[in-house]
Amino acid sequence: MVDKYPAYLFLPFFAYVSERYKIMSPKKVLITGVSGLVGSAAYLYLSQWPDRYVLYGLGRRRTLSERISDQRTVDLPEERFSVCDIADIDGVRQAVAGIDVVVHMAADPAGRGWESLRDNNLIGAYNIYEACREAGVGRLISASTIQVSHGDTEEEPYRSVVEGGTDSVFEDLVKVSPATPAQPRNLYAASKVWSESLARVYAHSHDMSCLCVRIGWVTGEDEARNGRGDIWCSQRDIAELIKCCIDADDDVRFDIFYGMSDNRRRWVDIENARQRVGYIAQDRAED
């Protein structure tokens, strides 16, 4: 018996229902540097939603960073973990193939000399962006650093904020925003300005969504220390911001966000992250 109504007649209806009620398959999300402190925190946080994210990892090794002070594990199966140096573009190409979103956390985080910064933060960053472009990855979320703004703290009123000024210092404080020109004070921070510049190029010239996160001070013990509560970010908050970036609307093509908890002494603006991607910090250093 021939069907009275051919199936193809219902395709527009299925497409409408899928869009109206956001019926979609899980996003394939690759986290580079997944064995690091922030990368593993993002992995564990996103793992709570297996129906929304299929997680992949990339790292030079599976051993977790020595900065991690708890007993966490990154239990990715072998077929979803790429052992790769990001300076190797062929390895990066294999890792990003078929991926929907790349969360790029891999880098030299400590500025271990020019050669390391060159290979990891300059060449490696370019390889990630270019491989994502070639593979048609829709969104790339890239780690920057609060250090690109450290130069602002050399001047008032931000110097007094960092030094623990009185309440009057915080009254009517105009916080440093992503629109404020970067003021790096070391090669590591300068390398992250390069990464942010790449994001602008690929977002505007190659039709990719490229979002940068200027990550604050994330610690292994997950608390502020050495009096730097102004730039502290909890592991939960940085992971939540990454999740917000992954889930952001498709029309969010480029932006820079400060990855910061809602610290009382915070001198950078996180309001644009709330407005653009819905980020609401849950923690603060003073607590």
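Predicted model: local features only at pLDDT ≥ 70, side-chain atom pairs only at ≥ 80, totals over all residues.
How close do the axes of helix H3 (residues 89-96) and H4 come, and at roughly what angle do they cross?

## Where H3 meets H4

The axes of helix H3 and H4 come within 9 Å, and they cross at roughly 45 degrees. The two helices are therefore oblique to each other, and H3 passes H4 in a right-handed crossing.

On the H3 side, the residues involved are Ile 89, Val 92, Arg 93 and Val 96. They meet Asn 127, Ile 128, Ala 131, Cys 132, Glu 134 and Ala 135 in H4. Sorted by class, this contact of H3 with H4 holds seven nonpolar, one polar and two charged residues.

## A look at Ala 131

Is Ala 131 buried or exposed? Its relative accessibility is 1%, and the cut-off for buried is under 20%, so Ala 131 counts as buried.

Leaving aside residues up to four places away in sequence, Ala 131 touches Val 92, Arg 93 and Val 96.

## The seven-stranded sheet

Now for the sheet. Seven strands form an open sheet with parallel pairing, in the order E3-E2-E1-E4-E5-E6-E7. Strand E3 (81-83) and strand E7 (254-259) stand at the edges with a single partner strand each, so one side of each has no neighbour in the sheet. On average, neighbouring strands are turned by 20 degrees against each other, direction ignored.

Two of the pairings can be followed in detail. Strand E1 (residues 27-32) runs parallel to E2, and six bridges join them; the bridge partner of Lys 27 in E2 is Tyr 53. Strand E2 (residues 53-59) has six of its seven residues buried, so this strand is largely enclosed by the rest of the structure. Further along, strand E5 (residues 139-145) pairs with strand E6 (residues 209-215) in the parallel sense over seven bridges, and Ile 141 stands opposite Leu 211 in E6.

## Helices on the sheet

Which strands does H2 touch as it packs on the sheet? They are E1, E2 and E6, and the direction of H2 makes about 155 degrees with that of E1. Helix H7 (residues 187-205) packs on the sheet as well, touching E5, E6 and E7. The direction of H7 makes about 160 degrees with that of E5.

## H2 against H8

H2 has a helical partner too. Helix H2 (residues 37-46) packs with helix H8 (residues 235-247) at an angle of about 70 degrees, and their axes are 9 Å apart. That angle makes H2 roughly perpendicular to H8, and H2 passes H8 in a right-handed crossing.

H2 contributes Leu 37, Val 38, Ala 41, Ala 42, Tyr 45 and Leu 46 to this contact. From H8 come Gln 235, Arg 236, Ile 238, Ala 239, Glu 240, Ile 242, Lys 243 and Ile 246. By class, the contact of H2 with H8 comprises ten nonpolar, one polar and three charged residues.

Note on methods:
Residues numbered from 1 in each chain as written. Heavy atoms only, no water. Axes fitted to C-alpha atoms, helices over the stretch in contact; angles between N-to-C directions. Helix = DSSP H or I, 4+ residues; strand = E, 2+ residues; numbered from the N terminus. Parallel < 35°, antiparallel > 145°, perpendicular 65-115°, else oblique. Left-handed = near helix turned anticlockwise from the far one by under 90°. Contact = heavy atoms within 4.5 Å. Nonpolar A, V, L, I, M, F, W, Y, C, P; charged D, E, K, R; others polar. Buried < 20%, exposed > 50% of the residue type's maximum accessible area, 1.4 Å probe, protein only. Pairing = 2+ DSSP bridges.
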